[in-house]
Amino acid sequence: MASETVRIDPRTHAKLKELAARTGEPMTAVLERAVDAYRRREFLAECNRAYARLKADPKAWAQEEAERKEWETTLSDGLEDA
């Protein structure tokens with residue numbers, strides 16, 4: 001596996017080392033999970049900001065709600081659950 005060097009604050013390194021010791025995982029695995037969790041959190045925060053912008057525009061929000069109603073009719077396709 002290829003690797004890169006990243007400089008981190010000594011306090012951050014100590015926290016990373018402690019988490020690795022506590023979980024029994026290598027520091028690289030702990031760091032990878034932390035970055036992935038941060039990426040997911042930022043993605044959801046941006047989604048929330050986008051919905052807030054959408055709701056702030058009454059015309060755009062009305063279009064969104066109309067589209068949702070159209071999608072709800074797709075559940076009435078006449079097919080029974082197996």
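Predicted model: local features only at pLDDT ≥ 70, side-chain atom pairs only at ≥ 80, totals over all residues.
**View 1. His 13, a partly exposed residue of helix H1.** Setting aside neighbours within four places in sequence, His 13 touches Ile 8 and Met 27 (contact means heavy atoms within 4.5 Å). Met 27 sits 14 residues away in sequence, and the C-alpha atoms of the pair are 9.2 Å apart.

**View 2. The largest pocket.** Here we have about 350 Å³ of space, the volume filled by probe spheres set on grid points joined across faces, edges and corners. A pocket is an open set of points on a 1 Å grid over the protein atoms alone, where a 1.4 Å probe fits, with protein on both sides within 12 Å along at least five of seven lines; lining residues have an atom within 4 Å of a point. Of its 13 lining residues, Glu 4, Val 6, Met 27, Thr 28 and Leu 31 are closest to the centre. H2 gives the largest share, five residues. The lining splits into eight nonpolar, three polar and two charged residues (nonpolar: Ala, Val, Leu, Ile, Met, Phe, Trp, Tyr, Cys and Pro; charged: Asp, Glu, Lys and Arg; polar: the others, Gly among them).

**View 3. Where H2 meets H3.** These helices (DSSP runs of H or I, at least four residues, numbered from the N terminus) pack at about 105°, with axes 5 Å apart. H2 and H3 are therefore roughly perpendicular (65 to 115 degrees); axes are lines fitted to C-alpha atoms over the stretch in contact, and angles run from 0 to 180 degrees between N-to-C directions. Among the residues making the contact are Tyr 51 and Leu 54 of H2 and Trp 61 and Arg 68 of H3.

Residues are numbered from 1 along each chain as its sequence is written, and side-chain values use heavy atoms, without hydrogens or water. Local features need pLDDT of at least 70 and side-chain atom pairs 80 or more, while totals for chains, interfaces and linings use all residues.

Technical notes
Helix = DSSP H or I, 4+ residues; strand = E, 2+ residues; numbered from the N terminus. Buried < 20%, exposed > 50% of the residue type's maximum accessible area, 1.4 Å probe, protein only. Parallel < 35°, antiparallel > 145°, perpendicular 65-115°, else oblique.
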